[in-house]
Amino acid sequence: MLREYAPYSTQDGFAEPFNEKKTWTNYYLGVTNVTHIYYGTEYPMAKTKPSALKGHDKVSSKTKISIVGLGYVGLPLAVALARSFDVIGFDVNKERVRELRQGFDRTMEIDTPNLRASSMRFSTDINDTRDADIHIVTVPTPVDENDKPDLTPLKGACSAVGPVLKQGAIVVVESTVYPGVTEDVCGPLLEETSGMTSGEDFYLGYSPERINPGDKVHTVDKIIKVVSAQTDEVTDILADVYGSATTGGTYRARNIKTAEAAKVIENAQRDINIAFVNEATMIFQKLGISAYDVLETAGTKWNFLNFTPGLVGGHCIGVDPFYLAHRANEVGHFADLILTGRRINENMGKFIADSVHDNLDGKSKILVLGVTFKENVPDIRNTKVVDIIRVLREHGHDVDVHDPLADKDEAQQFLDIDIIESLSDLHGYDAIVAAVAHSVYRDLSTSAIEEMLGGKGLLADVKGIWRETEFSPSIKRWQL
Ligand SMILES: NC(=O)c1ccc[n+]([C@@H]2O[C@H](COP(=O)([O-])OP(=O)(O)OC[C@H]3O[C@@H](n4cnc5c(N)ncnc54)[C@H](O)[C@@H]3O)[C@@H](O)[C@H]2O)c1
């Protein structure tokens, strides 16, 4: 039975407390009691009936789209598509769905007025997506403790979608994967759980996501969307669908594997370029030269690439290269440059902490500003600031951590870090390590910063946010 929806109202049964044992895997998987969704065996086989897109008729406002996984990628996409189509968002995380129904997006990608104004509906029951012409899968694709691709959420999503797949439907993967996952992993799973044949009864597509959390310029409704599918006809349908959602236009990749590969090298390329700048920075530190000064100077050349040194955290740039390296390994190629870049970037937190330590006089009380994986986002997954904190503590320092955006409970449970949320009452520190360039830190006055240090001490400016700011001579400066 399909549930009646009252968008944004809460429904009984969706208010279960967020009280499961928290592990990173649980976090990625949507947190609670979800095993039955991943493996989907309890869902009945789909009844085959003609799809609105069977024979690939024109896409219309009646086209029904289900978005599977409502995170940083899925929610903005769903809201953008709901301007033109009938969209339902499905997520296994009941708390997330409850919040979205109330108009609250904790990822801060969609504000409350826009979420409330959207016509999209939300569900935690995959059966509610049965009439979808297109299922778009936007679930996480993390790595495991050995940096190998962990396809558990993606396999779970496919196993859930298969049984509700209708004849002629299209399943588009948007999650970042290595070349071959859509056709060689998702396709067979969908066939197995639907009892239908890929390329005949249903169709596969891949459309990589390019959003950049916290970036309000290159949003999903403005950037070029790459589309690919098993047939030209289905690629055309996807170009129509995504073309309705973005003013940036669409690009038809030659095939699915090409689109998968393009996405994964977009991020691997960034990782390698940052690794180069990080390695140069380590050299310049020993030479007593500021990397930022060097980069600004070199940047006057027309073809010098603009990358800055720092931590590479989060769940894209620091993860996707491992996906490509894994596939390379499977086909007998050792991805030397890609993995070297990863190693350099993974070491950056320790390098920063050791450098700060070398600039301190004995055991110190240190304030770390920022713990999220990048500026102006609340996401703490795979943040590398934890490496700085850990190494500073290993050196025997007493470290406090402030962040205005990170969730205090999540930081406690997943990172074992107590976050100070307020900036007032922060004083008496021997050193400040500004690790994340949140706007709130950029806006701090020099006197506020000097007061935290009691007028003297070390200011370690990891992101170079105060490069041009004058402080009193009693403040010792350190930067990359
Ligand atoms: N966040 C980014 O900046 C970004 C950018 C480009 C591409 N990507 C890729 O997009 C994908 C999604 O990333 P994200 O950042 O949106 O992840 P996310 O963790 O923010 O959101 C994923 C959502 O999927 C839900 N989920 C997990 N398993 C599910 C299942 N089996 N069925 C239904 N829902 C399920 C989770 O509860 C969560 O709400 C990943 O492959 C990622 O690499 C992310």
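Two residues are counted as in contact here if their C-beta atoms, placed from the backbone, lie within 7 Å, and helices (H or I, at least four residues) and strands (E, at least two) are DSSP runs numbered from the N terminus. The model is predicted, so that local features need pLDDT of at least 70 and side-chain atom pairs count only at pLDDT 80 or more, while totals for chains, interfaces and linings use all residues. Residues are numbered from 1 along each chain as its sequence is written.

The protein chain has an average pLDDT (the predictor's confidence in each residue, from 0 to 100) of 89, and 88% of the residues score at least 70.

| Residues | pLDDT | Contacts beyond near neighbours in sequence |
|---|---|---|
| 1–26 | under 50 | 34 contacts, beyond four places in sequence |
| 28–52 | below 50 | 63 contacts |

Where pLDDT is low, the predicted coordinates should not be read in detail.

Helix H3, residues 74–81, is mostly covered, with 8 of its 8 residues buried; a residue is called buried if 20 or more other C-beta atoms lie within 10 Å of its own, exposed if 12 or fewer, and partly exposed in between. These buried residues, among them Gly 74, Pro 76 and Leu 81, pack against strands S1 (64–68), S2 (86–90) and S4 (134–137) as well as helices H5 (112–117) and H8 (232–245).

On the H13 side, Gly 349, Lys 350, Ile 352, Ala 353, Asp 354, Val 356 and His 357 meet Asp 387, Ile 388, Val 391 and Leu 392 of H14.

The buried residues in H13 are Met 348, Gly 349, Phe 351, Ile 352, Ala 353 and Val 356, and what covers them includes helices H9 (256–287), H12 (336–346) and H14, together with strands S12 (431–434), S13 (457–461) and S14 (475–479).

Met 348 is also touched by Gly 310, which, not counting residues up to four places away in sequence, touches Val 462 and Lys 463 as well. Gly 310 is found in the loop between helix H10 (291–298) and helix H11 (320–330), and Gly 310 is buried because 24 other C-beta atoms lie within 10 Å. Its C-alpha atom is separated by 8.6 Å from that of Val 277, a residue 33 residues apart from Gly 310 along the chain.
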